[in-house]
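Open your viewer and get your selection tool ready. We will go from stop to stop, and at each one you will hear what to select and what is there.

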Amino acid sequence: MPRIRSALVSLAALAVAGLAACSDSTAPGGLTDTSLATDLAASAGDAIATDVTEMIGNEQFGGFTAAALAGAATDTSTFTRSRTRTCYDAQGAVVACGQGLTASMVIALQLDGTRIGDRFTAIIHRQRHDSISGLADTSTQRTHNAFGGSQDTTTFTRDSTTRTADIVASDTVTDLVFQLPHASNPWPVSGQIIRNLNATFTVTGAQNSTRTIARRVVVTFPADAEGNVQIQVGTLTCNLNLVTRKVTGCTGS
């Protein structure tokens, strides 16, 4: 839709500016960019797993059947969610949301609060505009295309140091497809979720320092039956489990 495309252009400009800040030198205090990228993988993977869950919540908010993800981890977040919805028929005219004439809808989501993840805690502020198609009664799949931004303050504890990162990200969901019904098809079968992020780390420990890095984070679906999917953080490759939201097995730099 035109209103979605115009907003995407401005977010793309932010992403390009952010990526220009990327470098691969050794961080002060003995922390390399690779170790900081591993921190970012943990928080970005958690955020992407949260996005998958929230997209299902968007379908529910729009008035469509969408079962909660089976086996999802205990939620350790305290989020405040604010959603609005606009629904359209097959010709693009605005209609009342729910089953019947609705062919697509746009959900605007504001997500604020705190999150305790794997070796990190975060204060988050995220905005998402999720365009969902495949809502006709006869549809066998639903497709999400979304954009948004994130402003997170995340504290990591590892290797006898504490690192607080101010993270600004532009977030994009491209052709993310769920087969229906959700109850027997919990994970997307295709599509990508991408985060272009800039992070300024303040490190406290044996030596205090400040470090800024930028990374492009990509998850390409499908996931396997247990919810495992590869997450790429720059040149670092890891495994993300969508159930536990944990990132493990990182290789690369």
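A salt bridge here is a side-chain nitrogen of Lys or Arg within 4 Å of a carboxyl oxygen of Asp or Glu. By this rule the count comes to 11 salt bridges. This is a predicted model, where local features need pLDDT of at least 70 and side-chain atom pairs count only at pLDDT 80 or more, while totals for chains, interfaces and linings use all residues. Residues are numbered from 1 along each chain as its sequence is written, and side-chain values use heavy atoms, with hydrogens and water left out.

Start by colouring by pLDDT (the predictor's confidence in each residue, from 0 to 100). The protein chain averages 86, and 84% of the residues score at least 70. Now select residues 7–28, where pLDDT stays under 50. Where pLDDT is low, the predicted coordinates should not be read in detail.

Next, select D46 and R115. Their closest N and O atoms are 2.8 Å apart in a salt bridge. D46 sits in helix α2 (residues 33–61) and R115 in strand β3 (residues 104–117), 69 residues apart.

Now pick E54 and R83, whose side chains form a salt bridge at 2.7 Å, N to O. Why does this pair tie together parts that are 29 residues apart in sequence? Because E54 lies in helix α2 and R83 in strand β1 (residues 77–88). E54 is buried at a relative accessible area of 6%, and R83 is buried at 18%.

For the last stop, select D51, R128, D171 and R195, which salt bridges with shared partners join into one network.

Conventions:
Contact = heavy atoms within 4.5 Å. Helix = DSSP H or I, 4+ residues; strand = E, 2+ residues; numbered from the N terminus. Buried < 20%, exposed > 50% of the residue type's maximum accessible area, 1.4 Å probe, protein only.
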